[in-house]
Amino acid sequence: MLVANGAQLGGWLSRLDNKNAQGEFYLTDVIAMAHGDGCPIAAVHPDSAMEVEGANNRVQLAALERSYQQMQAEKLMIAGVTLIDPARFTGSFDRAASIQGKVKLGNHVRIGAGAVLKDCEIGDHSEVKPYSVIEGALVADQCSVGPFAGLRPGAVVEQDAHVGNFVEMKKSRLGAG
């Protein structure tokens, strides 16, 4: 990758030639030209090779997506999140839980398979059971949600409350206990 002033780059590209053993044009020759013209040269190294790899087909794209997902799983675990099987963490809609947007998880939170959390807050010692969807909602400490429950924007579940199977809440409050 190369970052350069467009006008200067145009001049350097016009000076490229293929007078070498391979008979090829080398973009890297532009660096020598820039140096010869007194321009500062700075090399930047990526934290991971994945950051600069290209994707020329769906196999390579899937490999890059998997690498990104593994990096996200590692960040979550370093921050204290327990992932039972980090190799299966995807952050997408499948049997694994999906965490999207700004999600705040308290201590000792349990999230079941297929659950979707988006822009929400889940309090300490709470459980989101399988296939529940929580979006734009607040779940206090020691709560239980689901399975197959839906908390939509504006829903508030207060401490020690339970939202049962197939219950939907939106812009409403379920009191403590």
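Trainee: Is D37 buried, partly exposed or exposed?

Mentor: Please keep in mind throughout that this is a predicted model. Buried would require under 20% relative accessible area and exposed over 50%. D37 has 45% relative accessibility, so the class that applies to D37 is partly exposed.

Trainee: How many salt bridges does the count come to, and which residue meets R152 in one of them?

Mentor: The count comes to 3 salt bridges. In the one you ask about, the side chains meet at 3.2 Å, N to O, and the partner of R152 is E168. R152 lies in the loop between β10 (150-151) and β11 (156-157), while E168 belongs to strand β13 (residues 168-169), so parts that are 16 residues apart in sequence are tied together by this pair. R152 counts as partly exposed at 27% relative accessibility, and the names you asked for are therefore a count of 3 salt bridges and, for R152, the partner E168.

Trainee: What is the N to O distance in the salt bridge of E158 and R173?

Mentor: E158 lies in the loop between β11 and β12 and R173 in strand β14 (residues 173-174), so this pair ties together parts that are 15 residues apart in sequence. E158 is partly exposed, with a relative accessible area of 25%, whereas R173 counts as exposed at 56%. The N to O distance between their side chains is 2.8 Å.

Trainee: Which strands stand at the edges of the open sheet?

Mentor: The open sheet has 4 strands in the order β3-β6-β9-β12, with parallel pairing. A strand at an edge has a single partner strand, so one side of it is left without a neighbour in the sheet, and the strands in that position are β3 (110-111) and β12 (162-163).

Trainee: Which residue of β12 is the bridge partner of V145?

Mentor: Strands of a sheet pair through backbone hydrogen bonds, either parallel or antiparallel. Here strand β9 (residues 144-145) and β12 pair in the parallel sense over 2 bridges. In β12, the residue that partners V145 is V163.

Terms used. Residues numbered from 1 in each chain as written. Predicted model: local features only at pLDDT ≥ 70, side-chain atom pairs only at ≥ 80, totals over all residues. Heavy atoms only, no water. Pairing = 2+ DSSP bridges. Salt bridge = Lys/Arg side-chain N within 4 Å of Asp/Glu carboxyl O. Buried < 20%, exposed > 50% of the residue type's maximum accessible area, 1.4 Å probe, protein only.
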